[in-house]
Amino acid sequence: MLLLAFETSCDETSAAVVREGRVLASVVSSQIALHAEYGGVVPELATREHLRNLQPVAGAALRQAGVRAGELDAVAATRGPGLPNALMIGLKAAQAAAFALDRPFVAIHHHEAHLYSAWVARDPLRADFESFQPNVSLIVSGGHTLLLHVPEPLRHRLLGSTLDDAAGECFDKTGKLLGLPYPAGPHIDRLAREGNPRAFDFPRPMIADSNDDFSFSGLKTSVRYFLQKQPELAEDPAALRDLCASVQAAIVDVLVSKTVRAARRLRAPCVTASGGVSCNSRLREALATACRQAGLHLRLADPTLCTDNAAMVAILAERKLLGGAPPTPLDAEPDPGWALDQL
Ligand code: KG4
Ligand code: ZN
């Protein structure tokens, strides 16, 4: 099956082509530079950029894959959750293509795509569902922090989520307090490499709670109060590196501890992590260490698939169609608040 997918839920315009689980092309046009000026994603600007970029990005993906639109067997797009008008661009473009080509269309849940991005192997990028093991899955992005139990492919149960800020939001907002550009996650990651994670003791919210929920707004507030008392620290390069390392350690400790504990409790042999924050080098190392100690297998999403991309959408859509899932009606609307447990 030859399938084209679009992803436009937030600030990346992306198109990808897959054939039999193999990613033939994956093109991502990031709007980060545009939104950085405003310190966050501006929905109207994102929509305009998707409108401007989707056709060239889709054309590039088809060229890279060496296929013509007429050869496609199916078209897919992200339906939600995400920014309403941004979702609308990719969804309606994909439905229009499916209509014109008289091919099936599949609407994909953004987090379900992140979830299965952990089961994509690299060199070349390809679906690797054969290696699937029952797992506890951590999805950490700018908008969401979710913990799921995934006993078999395409079946999952939500265990917990954040009660307030997402982990990525915590990186971005504390980074803003530290004077770092948006999105601050990658900057904190880079600066923390030369900092001392034990220099400052920030709270690890809900780390010892028996439930699977998270909360990160208290950590952000504690960094704010800390900097109000000692604003000079963010100006000092060595202290800034220590601050980044300490904040990052607090976020990572909570994520790793709760994920591994859930896996042990549910006797899942495997842990997976995906979403933008799963690029974080300390999170990847800490998960690897904790899983090794607990005798758990670990699948991390490939770094090229952690942040938003259409390759993960394409792989999941193809898998669904091949598994007999019905196509989505061509008049389906975006679902900006689509919850993963409504699937
Ligand atoms: O999955 P994603 O591209 O978009 C959403 O669906 O939200 O995730 C973006 C988030 C941002 O908050 C960004 O700061 C964070 O992922 N991020 C990182 C790193 N790379 C991206 N956070 C920490 N360390 C990183 N290396
Ligand atoms: Zn995402």
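**Reading salt bridges in a predicted model**

Modeller: Asp165, Glu169, Lys173 and Lys220 are joined in a network of salt bridges. This is a predicted model, where local features need pLDDT of at least 70, side-chain atom pairs count only at pLDDT 80 or more, and totals for chains, interfaces and linings use all residues. Residues are numbered from 1 along each chain as its sequence is written, and side-chain values use heavy atoms, with hydrogens and water left out.

Colleague: What is a salt bridge here?

Modeller: Side chains of opposite charge can pair when their charged atoms come close. The cut-off is a side-chain nitrogen of Lys or Arg within 4 Å of a carboxyl oxygen of Asp or Glu.

Colleague: Is Asp165 buried or exposed?

Modeller: Buried means under 20% relative accessible area, exposed over 50%, partly exposed in between (1.4 Å probe, protein chains only). Asp165 is buried at 7%, while Lys173 is partly exposed at 33%.

Colleague: How many salt bridges turn up in the whole structure?

Modeller: The search finds 13. One of them joins Glu49 and Arg52, N to O 2.8 Å. Both sit in helix α2 (residues 43–65), three residues apart, about one turn of the helix. Helices (H or I, at least four residues) and strands (E, at least two) are DSSP runs, numbered from the N terminus.

Colleague: Which parts does the Arg122 and Asp302 pair tie together?

Modeller: Arg122 and Asp302 form a salt bridge, closest N and O atoms 3.0 Å apart. Arg122 is in the loop between β6 (120–121) and β7 (126–127), and Asp302 in the loop between β12 (297–300) and α10 (303–306), so the pair ties together parts 180 residues apart in sequence. Asp302 is buried at 7%.

Terms used: Chains are lettered from A and ligands numbered from 1 in the order in which they are written.
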